[in-house]
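Subject: Structure for your review

Dear colleague,

Please find below the structure that I am handing over to you. My notes on it come after the sequence and coordinates.

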Amino acid sequence: MDILNYTEAHQQFRMRLREFCQKEIIPNVDQWEADHIVPKSAWKRMGEEGFLCTNAPAEYGGHGLDFLYSVIVAEELARTNHTGLAAPLHSDIVVPYIVSYGSEEIKKKYIPGCTTGDIITAVAMTESDAGSDVAAMTTTAEEDGDMVVINGSKTFITNGINADLVVVAAKDPNAENPHQAVSLYIVEDGTPGFTRGRHLEKMGFHSQDTAELFFTNCRIPRENILGQKNMGFIMLMEKLQQERLICAIMAQFAVELMLEAAILYCQTTKDTTGKPMSKYQGMNFQLVEMMTEAHIGRVFMEKLVADHMEGLSVVKETCMAKYWHTDLTQKISNQVMDLIGEEATAERSMILRGWRDLRVLPIFAGTNEIMKMVVGKMSGL
Amino acid sequence: MDILNYTEAHQQFRMRLREFCQKEIIPNVDQWEADHIVPKSAWKRMGEEGFLCTNAPAEYGGHGLDFLYSVIVAEELARTNHTGLAAPLHSDIVVPYIVSYGSEEIKKKYIPGCTTGDIITAVAMTESDAGSDVAAMTTTAEEDGDMVVINGSKTFITNGINADLVVVAAKDPNAENPHQAVSLYIVEDGTPGFTRGRHLEKMGFHSQDTAELFFTNCRIPRENILGQKNMGFIMLMEKLQQERLICAIMAQFAVELMLEAAILYCQTTKDTTGKPMSKYQGMNFQLVEMMTEAHIGRVFMEKLVADHMEGLSVVKETCMAKYWHTDLTQKISNQVMDLIGEEATAERSMILRGWRDLRVLPIFAGTNEIMKMVVGKMSGL
Amino acid sequence: MDFALDKSQKEIQKAVRDFTKGEFDKDLGLDLEKEGKYPADILAGACDLGFIGIHFPEKYLGADLGLFENCLIAEELCRKDSTLGLALMMAGYGAECVLRFGSDGQKDQYLTPVAEGKMFSAAAFMEPGQAFDMRVMQTTAAKDGDGWVINGKKSMVLNGNSAGFYIVLCQTDDTAATPDKRLSMFIVDGDTPGITCEDVGRRIGCNMLSAADVTFNNVKVGADKLIGTEGAGYSQVNAYFNELRVLLSAMAVGIAQGAYEKALDYIKQREQFGKKLAMFHITWHKVADMAAQIEYARTLTYKAAWTFDKGKLDAGLASITKMTAAKAAMAVTYEAIQLYGGYGFMTEYEVEHFYRDAKFIDLFCGAISVQKDVIAETIVGKIK
Amino acid sequence: MDFALDKSQKEIQKAVRDFTKGEFDKDLGLDLEKEGKYPADILAGACDLGFIGIHFPEKYLGADLGLFENCLIAEELCRKDSTLGLALMMAGYGAECVLRFGSDGQKDQYLTPVAEGKMFSAAAFMEPGQAFDMRVMQTTAAKDGDGWVINGKKSMVLNGNSAGFYIVLCQTDDTAATPDKRLSMFIVDGDTPGITCEDVGRRIGCNMLSAADVTFNNVKVGADKLIGTEGAGYSQVNAYFNELRVLLSAMAVGIAQGAYEKALDYIKQREQFGKKLAMFHITWHKVADMAAQIEYARTLTYKAAWTFDKGKLDAGLASITKMTAAKAAMAVTYEAIQLYGGYGFMTEYEVEHFYRDAKFIDLFCGAISVQKDVIAETIVGKIK
């Protein structure tokens, strides 16, 4: 049985995107990694070709395509072996906040630009002292007439430098229950009082512009609120299923890419007697074990995508997947490095970039420890 | 989405079987474990209630039900925490040889009895020097007029003592290619020259009558051959997909049963401050991890069952599942023992029997090393 | 540093090796393990040679040696047969509480018969339904004249129904805020009225020794049966666990070594697909892993034993050692069975009971999670 | 046995600790790691204190000490900063080939400048596209008068483009049936004509040292540059690997210890959900695992180094140690990052480069599968 049903249209879209990646992304990746950022022009090209916001409703300028297109974008981008052009984050994690909670005006105003690539988005939740513990958030939003004044700082913000629009989570200092105090606001680039901090140096994700954001008496119009005031937590929760599913999907494709490279290496690299590594039973079995885990991961991931597309609530299962799949990236990428050995220690061996980039997967979008806490709670342990 | 579609009829069958297990199996299990065998009467009762050969064609006296009924039997029997009444082996591994390769006469003669429980079956392939290496088989079958004369010995034969009918794999000593020399024959209990050897003592599977079988000038009618002469290997191969799938299914259900016990223990056992084990984060996370692996294993297993029922060839995937699922039984059963701790060292804690029984799963029906060899070959490594 | 055994240690090791070669019999071992019978003759022989209680003072028939030498003996015994080894080494289960914390009178009365093999001892610590938490005991010892009266139930007491004396951990002060003042340790003679035993039956391993749930019903003991001082029980039991865990580690190492050697013999003679199992590359990788785990587990065990004898062993190192050695033994015995294939699951090929005994040690005196808590407590302090 | 460091070893350890406290600077370290620059001043300081080549004879500015003391230094340096430690310890990469197998003349000429920090050395063994298999070398050394002429290409040579001299493994006898007669080892001065280097660029770790693919094109060397005897190369390189693998293990232990200590500091001050990370039970279990792995990896490393100094180290124990220590370092540094959460992925919090350097060691001089083959070969002999 096929768990997911890719149509002819899906396949054509995939082929177009793959070709685009070959022509316009892969040749530039090394430069972007060196620059520690992807030029906005690349985002624009993605938009022009219709690869952004595939899942956003057509009536607001999105492409109104099903979630499988998002999966395809994640898969093909994974194959470019870089993380900078974070379309899935933009299209399927940030923009959905606007789609689901934005007012009519907001949707009309921003979604078209998000789709064309003229607007690159980011979501600003994490703070230096509020990582896993969102309730510890200290950024405040206070109403002042028709305006809302935001003060505070955020960190580890993906697309932090490129972002033209940031969805900022901020707290109402006057609310007593910290879990009913958070609201989400849209802050545009250039708003007075909104500044970018350092471009953070990382182990990986080099082409990814991760930054600190500062808000100092940053005044935005009241209408820039997403959804109801102080309901930010619920909104965040509602979006977690898709966010975590995206992580699992990215992880799954990364694993498959790594594995392909390992198989190719072991089949083509021979010892001095001419025997390929893949014929050494010890390596052979390792490849088989990785193929098995990748296969099982694929089945599990596809089942979740199908359930998600059916609109089922699979929060618990997506938390399981987020931690299990991202842990799998660590196990596999380290094993692949082991199989290739010393040659894998050079950046010129592309596998190394994957290994460096993947290390953050078990940490971001909620650490895997947080995932387990959620699953444990939801299971009544 | 539901990968498997259980109908009302399936559920009723399950409930009937569950009740039967409660009434007629579970109360006797301790005795059977002590006796190292299950009385034939228990098999008979299974047959009377329609729990044997559910998947065998109705026109030959089987129940002609789909494979989901076999899955249900495996699941409910797994919940009896014993291995002696090996209905899945009988109904879904041995009898299928008769169904697929038996002559019209053979099918008419034996399948009804196999279904009623009057005939308990076993398959005799393994020899003391031919475990994983089936080609090393030394048991011979030579034609002598209308008769076939079988000489040799088999070991590790499940149902070896109870078996009324044994499917014996034997080699044609005159064939040169060892891979085209094996034929399958039906040998009935009481045939002169067919004797049972020792009842083997094992780490687990105590209620399971595992034995050696000896054939000394054992003469059987030529018609007792299954399929074509010297085509035994192909027949064995053709049946491996279902055999290994059954192993994976049994393993999956065993894992779920173990896990249930661990969760119950950790929720109900409290330290001297009244804090339940399940609230200790270290244990809590272990439970979550086991739940996750069990969940993923369930999805993978159900997908394979669905593919198998569609008649797809998923040999490679079933080999993956056989090793992955049976390895999972080891990981989980050991972790469950760890969580329960010293109390789990007593046989009175039922968990221990499961731990002992499961140790053989990565070994039987083709060791997990053999599974990996097959996957590696099929993957062109 | 010096990683070599000294001359007398090598001699002890060799003596035990010769002893097991001469006295341990495979079929006898399998029978006793299956029947749950005790190898009385072999114990007598081991006592004659001074292998039991070698760490006792000479006046109590010991050799005044350390935990290190005791570990060498445990390792060699378990290497030859895991269950026989456990049976011999655990006959005096708990006797170290007398050795380390007891009075001269108590030592004279109880250590000597243990070293002679005339008396089994049994540490009665665990209580039903409270896992491995010793902070509070339901079993109480109340002042009674100048003596004590003990009431309560202890679960899964090794040697429970064959013990000449018990080491019983009792609550003597319900009002004490912290465990380290709450408990006291007592010696209770096996024949004291009021003791009833319920046999636990067969267990995962260590099956030549019995185990029982032991009930103490108004059991009266004299003041001279208190070990050390009143309220010292909690620190005593933890100190005892440090020594016991290192000894268990040595047994785990021996079990791993024994299963490893059996597997090596097997793969060198067993052929499949026309070549010896030993010549399959995957076998190489399995064997390498087994050898590595035995190597570091043994080295660590020796270090822990040496540290104890120097009076410097802390709970962290003891638990690190037990966790590491037990894990290694589990991994090695597991692979030994796997290398044997179907035969590994068969009782007569022995490795399966090495595996079961390894798991017994893994779960005995605190499973992994308990060990981790002990280790972490020494590093980051009390959990809030 | 004795598991304590002696007085002079403790002094060495303390001296290195003081040195790193005084000379290692976090920001400098991060910069050099990022820029791939060498800490020349720090090397000079380390040489002045005799930390480099401490295992060399005194006449070559060493201290006549053993691999054990060299390991103590390596551990302490890497503990403070994994990359600075690697940079200092690997400056003389391959020099032990001269120390162990070279002539007095060779030692005098090449060991002294290494101990002075005036010269880097580079072991040029690996060749492109044949993984870690050294049985056959494409690089050849042919007799040329009374000297030799070397042709071939070596890949990923550490210090490749900064070496004062290379240790080059060459094929000198194509007709030899077995590797142990086929190869020979040569010293090649860095400025010898015919040597061209292609920088490898940034690597996973050890980034303060460069690496290069080195081509030898009709490179002429004198007869005096042959190390030991002709045909001894294979056994020499394997003997050298035994020593190197123990040294790498010591660095792995230091890296693990350093990352562990950083993580401990972090979890004691970082709060989430109103309590310190250190007080979460899962943190306890992680910390316990980390402590256990460091403990047995260090103990085993010390044993291997001691065994080498006693002249008894075999390839099996060397590879067991390297595999065990590298695995432990990987597990510990991985968890250190995880405990730091998002900060762990950020360069400025350092643990990420500890993790990368740990993986460098894990893959350097043979990844796990190579180590397992070496171990197994010592146990079950040549694979058919």
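The notes below take up the pairing of chains, the packing of helices and the nonpolar core.

Please bear in mind throughout that this is a predicted model.

Chains C and D

Chain C is superposed on chain D by a rotation of 180° with 0.0 Å of shift along the axis, at an RMSD of 0.0 Å. The two copies are thus related as by a two-fold rotation axis. Within chain C, Asp2(C) has the C-alpha nearest that axis, at 2.4 Å. Both copies use the same surface, since 100% of the contact residues of chain C recur in chain D.

Each partner's share of this contact is 35 residues from chain C and 35 residues from chain D. On the chain C side, the elements giving two or more residues are helix H10 (281-309), helix H11 (315-340) and helix H13 (368-380). Which of them gives the most to the side of chain C that touches chain D? That element is H10(C), with 15 residues. By residue class, the side of chain C that touches chain D comprises 22 nonpolar, six polar and seven charged residues.

H10(C) also packs within its own chain. Its axis and that of helix H4 (residues 67-80) of chain C come within 8 Å and cross at roughly 145°. From H4(C), the contact involves Leu67(C), Phe68(C) and Cys71(C), while H10(C) supplies Thr301(C), Ala305(C), Trp306(C), Phe308(C) and Asp309(C). These residues divide into six nonpolar, one polar and one charged.

Chains A and C

The contact between these chains takes four residues from chain A and five residues from chain C. The chain A side has two nonpolar and two polar residues, and no charged ones.

Helices of chain A

In helix H2 (residues 40-48) of chain A, the buried residues are Trp43(A), Met46(A) and Gly47(A). Seen down the axis of H2(A), these buried residues fall within an arc of 100°, so they line one face of the helix. Ser41(A) and Glu48(A), on the other side of H2(A), are exposed. The cover over the buried residues of H2(A) includes helix H4 (87-101) and helix H5 (104-116) of chain A. Just after H2(A), Gly50(A) adopts a positive phi of about 80°.

Why does Met258(A) count as buried? The reason is that Met258(A) has 24 C-beta neighbours inside 10 Å, the threshold for burial being 20 or more. Neighbours within four places in sequence aside, Met258(A) is in contact with Ile332(A), Ser333(A), Val336(A), Ile351(A) and Gly354(A). Gly113(A), by contrast, lies 145 residues from Met258(A) in sequence and 34 Å from it in space, C-alpha to C-alpha.

The nonpolar core

The largest nonpolar core has 571 residues. The members that touch the most other members are Tyr185(A), Tyr185(B), Phe186(C), Ala252(C), Phe186(D) and Ala252(D). Taking one of these, Ala252(D) touches Ala297(D), Ala325(D), Ala326(D), Ala328(D), Ala329(D), Ala358(D) and Ile361(D), not counting residues up to four places away in sequence.

With kind regards

Notes:
Residues are numbered from 1 along each chain as its sequence is written. Chains are lettered from A and ligands numbered from 1 in the order in which they are written. This is a predicted model: local features need pLDDT of at least 70, side-chain atom pairs count only at pLDDT 80 or more; totals for chains, interfaces and linings use all residues. Copies are superposed by least squares on the C-alpha atoms of residues with pLDDT of at least 70 in both. Two residues are in contact if their C-beta atoms, placed from the backbone, lie within 7 Å. Helices (H or I, at least four residues) and strands (E, at least two) are DSSP runs, numbered from the N terminus. Ala, Val, Leu, Ile, Met, Phe, Trp, Tyr, Cys and Pro count as nonpolar, Asp, Glu, Lys and Arg as charged, and the others, Gly among them, as polar. Axes are lines fitted to C-alpha atoms, for helices over the stretch in contact, and angles run from 0 to 180 degrees between N-to-C directions. A residue is buried if 20 or more other C-beta atoms lie within 10 Å of its own, exposed if 12 or fewer, and partly exposed in between; C-beta atoms are placed from the backbone. The arc is that of the directions from the helix axis to the C-beta atoms. A nonpolar core is a set of buried Ala, Val, Leu, Ile, Met, Phe, Trp, Tyr and Cys residues joined through C-beta atoms within 7 Å.
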